[in-house]
Amino acid sequence: MSTAELIDDLPAHKPAVTGRAKGKPPLALRPLHRMWRKTIDEILVSALDLPVRGLPAALQGLVACQISDFHVDRDEDLARLSSAVEAINQQQPDLIFLTGDYFSGPDTMHRYLGAFRDALKHLRPKSGLFAILGNHDHWSSAERITDALKRAGADVLANDSRRLVLRNEKLVVVGIDDLWSRRAEPARAFADVTSDDSTIVLAHNPDTALYARHLRPGVMLSGHTHGGVVRIPFYGSPLKSILRIGKEFYSGLNRYEDFYIYTNRGLGTFWLRIRINCPPEVSRFSLTPLVEATPAEKPTAKLHPLKRVRRRRALRPVTHRSRRKHV
């Protein structure tokens with residue numbers, strides 16, 4: 001029996017229905033519990049214009065949606081995914097993009113894979129559903145998750161591209177595999193892309209831009225950061241160790257050199273089940289051509305290029321040197 005047939009035989013996991021609520025907190029803590037659940041479950045639809053370099057004028061106003069970082073590890077995560085699917089369908093998108101980390105590990109992947117597939121089957125894009133994998137997907141089972149995504153109707157791009165014809169114009173969707181698990185091959189992903197093509201690049205980790213910028217992406221859609229988890233007004237996230245490209249890229253639309261990156265805050269949580277001023281997100285884009293700014297008009301973003309890794313020198317034996325006396 002093939003892997004695909006095994007996935008088809010997996011039962012869709014459904015939350016158990018019982019006569020009483022499971023794990024209810026003490027009465028005095030229930031208001032806090034409701035506030036906490038609201039912060040991790042109430043999905044925000046972020047609607048914005050998405051600047052795409054080289055976008056044909058006929059494609060202006062095309063609607064695309066993005067969801068990322070599902071981390072379907074519990075019944076509540078599955079319910080949140082179903083709510084996100086419903087929210088996306090209400091936008092009536094032309095294109096839908098899924099940008100990785102669907103589960104946190106192999107145990108929860110095995111338990112929820114069938115239900116995950118069935119939830120995504122309800123997505124209704126007019127022109128295409130595209131997906132890439134994240135680091136957690138490679139750490140779980142890239143093969144099984146890819147099969148489930150394909151059976152849900154998604155075109156899974158692993159260092160590959162798809163040329164679309166929409167409104168009699170061309171648009172190329174490029175999928176770069178995950179950076180942290182060392183599967184990212186930007187040059188291979190762009191192998192069939194010409195200099196005249198307008199591209200939407202899917203890359204789970206925003207740091208992928210450091211390796212793909214010379215390929216002139218039209219725009220890049222990413223996830224991975226969960227928005228920084230905690231966001232302080234006028235400051236952003238206090239986290240400093242997730243990205244090399246800069247913490248401003250933890251969330252939302254940001255310009256990097258001569259193209260934009262949009263980082264989705266994701267749906268789920270990992271490790272710490274908290275979100276502060278950082279609600280789960282469905283991104284709703286209206287595509288618009290990027291107006292090239294003059295050098296004086298371009299925003300000055302703080303960029304942090306990769307540092308060269310220095311080879312470690314062999315340790316030398318310790319020798320005792322005579323100290324020079326200072327007068």
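Residues 24 or more positions apart account for 75% of the contacts with a separation of 6 or more in the protein; a contact means heavy atoms within 4.5 Å. This is a predicted model, where local features need pLDDT of at least 70, side-chain atom pairs count only at pLDDT 80 or more, and totals for chains, interfaces and linings use all residues. Residues are numbered from 1 along each chain as its sequence is written, and side-chain values use heavy atoms, with hydrogens and water left out.

**Overall make-up**
- The protein has 8 helices and 12 strands. These are DSSP runs numbered from the N terminus: helices are H or I with at least four residues, strands E with at least two.
- Of the 327 residues, 50% are buried, meaning under 20% relative accessible area with a 1.4 Å probe, protein chains only.

**Sheet with strand order 1-12-2-3-4-5**
- This open sheet has 6 strands and mixed pairing. Two strands pair if DSSP finds at least two bridges between them.
- Strand 1 (44-52) and strand 5 (155-156) are the edges, each pairing on one side only.
- Strand 2 (residues 63-67) and strand 12 (residues 281-289) run antiparallel, joined by 4 bridges.
- Ala 64 stands opposite Phe 285 in strand 12.

**Sheet with strand order 6-7-8-9-11-10**
- This sheet is also open, with 6 strands and mixed pairing.
- Strand 6 (160-166) and strand 10 (252-256) each have a single partner strand, so one side of each lacks a neighbour in the sheet.
- Strand 10 pairs with strand 11 (residues 259-263) over 5 bridges in the antiparallel sense.
- Tyr 256 stands opposite Phe 259 in strand 11.
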